[in-house]
Each structure stands twice: as C-alpha cells, then as structure tokens.
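Subject: Structure for you to look at

Hi,

Here is the structure I promised to pass on. Please open it next to this email and follow along.

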Amino acid sequence: MTEQPVLQMNDGHRIPQLGLGVWQATDDQAEAAVAEALAAGYRHVDTATIYGNETGVGRGIAGSGLPRDAVFLTTKLWNADQGFDSALRACEASLKRLGTDYVDLYLIHWPMPRKGTFPDSWKALIRLREDGLVRSVGVSNFTPETLDRIVTDTGVTPVLNQVELHPAFQQRPLKAVHSRRDILTEAWSPLGQGKALATGAIAAIAAETGRTPAQVIIRWHLQQGHVAIPKSVTPARIRENAQVFDFDLTPAQMAAIEALDDPAGRIGPDPDGASF
Ligand code: NAD
C-alpha cells in the first residue's frame, strides 16, 4: 500500500484517513481482520464497547509486531455507560479489554438527547484526556444542537463527529457545521453497508477507472476530506479497500457521485429520533 494520507485534528494530533471498521465481527474475526489490515498497511482501527470485540482488536494489534504508537485506535462509550463516573469506569474497562494503556480516540457513541447525560459524559471524556487515558476526544452521531451544547458547556470542540455517510446519504448540512467548527467528518457505513456498491453510476466509474466499486466509493470519501472506516473481515476485500491511494477521481466523476445524495437515503437510526 502506498503511503497513507493523514488529517490534522483540531487538537494537533493526526489521524489516518482510512481505517478498518469491525462492527458485527466476533473477537476471533476482529483479531484476524485487524492482523490482515495491519499487514496490508492500515494504521487505524475503529471499534466500540458495544461491538463486543475489543479483546480481539487488542490481540490483533498486539500480535502484529507493530509498536502501539504506530496504530491509531478508536473505541466508543456505549449508551448505557453515559454519565460522568460511569464513563470514566467504562473507558478503563475498554482499555483493559484492548490490552493497552491509552486509546488514540474515544467517542461518545450516540448523544441520546432525551436521556440528557451527554454533557456529563463529554466532561468525563475531557477528564480522561487530561489523565492520559485517551489522546483525543470526539463524538458520534451528534447533531448541530448536541454539538453546540457540549462546546458551549466546556469550550472543548470534538476532534471529529463519526456519522452515517455514504453516496446515498451525504450529510451536507451537518458537514457545513463541522467545517465552521473545525471538526473532521468521519463516515460510518462508508459503503452504505454494501448497498452502494451496486449503484449504476458507481459501476460506470469503476469501469472507467479500472477499479472496483468499493475502491471508487472509498476514493470519493478521501477526496471529500472524510475519514472513512469501511468494514470487512474478508482478507481480499480488506486489501482491496486499501488500494485507493494511487488514483484520482475526476471532477466529473466526483460530481456523478455527489448526484446520488438522497434525503431518504439514511440506513441507520436518526440520532434525534424517538428511540433516543
Ligand atoms: P460498510 O459501509 O463499511 O459496509 C460493510 C459491508 O460492505 C461488508 O460487510 C461487506 O458486506 C461489504 N464490503 C466491504 N468491502 C467490500 C468490497 N471490497 N467488495 C464488496 N463488498 C464489500 O458498513 P458498516 O460496517 O456498517 O460501517 C463501517 C464501520 O463503521 C463499522 O464497522 C463500524 O466500525 C462503524 N460504524 C459506526 C457506527 C456508529 O454509530 N458510530 C454505526 C455503524 C458503523
């Protein structure tokens, strides 16, 4: 794999733009996928407490032979652990499962505005950063309103917001908020959970470029300035998804993907919806 692009975060730390996602992988699958990815040149892994595979992720990193500081590791605070003291305890438990004494990035997984604990959870993340258990603090699935609340409360701006983002759901209004606040946009389900791969416009660009549909979509994310964390546990796909640093999409190809945006394209839950 050619040298990976990295982005500068608002706290001065750097994040590799491409990471491996491991949602819906068991410990054993995650361990093998992380080992495969690190051997293929990935230097960034995205897990979460709720995925139940932090132990496997930690083993994959430890077994790679890479020094810990060569790998950018993210995990997330689960909803049930929100609150100041419980967030501190949850992070310590995650570190134990991951077999490391710090993570590069710790995220609040969902804001859950109706429960109302996200402001205290954010203060706990800041404490964890001060104590050196996490290098950078960020959020996931935050809305403009919930972002505004934590920044107003604390003066600390999350380094990034990890949100659903793929060709059929491009989050333009939220991205404009991120730009104004110097928050990076990280795309979850960057391939639309695989659904985006069968889109006609993507297939056409794949044919034009001699790349696969997954590579075209990941390349689009990189050129949009997103951090992207495609998931696979299949070795050939893990490698394929990282062969994206040696070609460019043209402005016309970028525009053809931008035209796929659909207000009804959301796959996952609405963070403002009734279940939160
Ligand atoms: P994704 O968009 O990454 O799609 C993954 C699926 O696409 C795979 O299961 C496979 O079926 C297919 N795929 C991957 N590479 C392929 C290839 N080269 N060719 C053909 N098919 C391929 O979906 P995802 O897993 O939902 O999202 C990625 C990561 O984002 C997750 O693993 C997780 O780390 C993160 N995530 C975070 C949240 C959140 O709330 N913060 C929610 C969902 C996912």
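Start with one cut-off: an angle over 145 degrees between two axes counts as roughly antiparallel. Keep in mind that this is a predicted model.

**Helix 7 and helix 10**

Helix 7 covers residues 200–209, and helix 10 covers residues 251–258. They pack at an angle of about 160 degrees. That is over the cut-off of 145, so helix 7 and helix 10 are roughly antiparallel to each other. Their axes are 10 Å apart. The crossing of these two helices is left-handed.

Which residues meet there? From helix 7 come Ile202, Ile205, Glu208 and Thr209. From helix 10 come Gln253, Ala256 and Ile257. By class, the residues of this contact are 4 nonpolar, 2 polar and 1 charged.

**Helix 8 and helix 10**

Helix 10 also packs with helix 8, which spans residues 213–224. The axes of helix 8 and helix 10 come within 11 Å. They cross at roughly 100 degrees. Angles of 65 to 115 degrees count as roughly perpendicular, and therefore helix 8 and helix 10 are roughly perpendicular to each other.

In this contact, helix 8 brings Val216, Trp220, Gln223 and Gln224. Helix 10 brings Met254, Ile257 and Glu258. The contact of helix 8 with helix 10 has 4 nonpolar, 2 polar and 1 charged residues. Look at Ile257: it meets helix 7, and it meets helix 8 too.

**Helix 2 and helix 3**

Now go to helix 2 (residues 54–63) and helix 3 (residues 84–98). How far apart are their axes? They lie 7 Å apart, and the helices pack at an angle of about 45 degrees. That makes helix 2 oblique to helix 3.

**The ligand**

There are 26 residues around the ligand. Which of them come nearest? They are Asp46, Ser140, Ser189, Leu191 and Asn241.

Then check the backbone. A backbone N or O atom of leucine 191 lies 2.7 Å from an oxygen atom of the ligand. For glycine 192, a backbone N or O atom is 3.3 Å from a ligand oxygen. For glutamine 193, that kind of distance is 3.0 Å, again from a backbone N or O atom to an oxygen of the ligand.

Best wishes

Key:
Residues numbered from 1 in each chain as written. Predicted model: local features only at pLDDT ≥ 70, side-chain atom pairs only at ≥ 80, totals over all residues. Heavy atoms only, no water. Axes fitted to C-alpha atoms, helices over the stretch in contact; angles between N-to-C directions. Helix = DSSP H or I, 4+ residues; strand = E, 2+ residues; numbered from the N terminus. Parallel < 35°, antiparallel > 145°, perpendicular 65-115°, else oblique. Left-handed = near helix turned anticlockwise from the far one by under 90°. Contact = heavy atoms within 4.5 Å. Nonpolar A, V, L, I, M, F, W, Y, C, P; charged D, E, K, R; others polar. Near = heavy atom within 4 Å. Polar contact = N/O pair within 3.5 Å; in protein donor to acceptor, adjacent residues only side chain to side chain.
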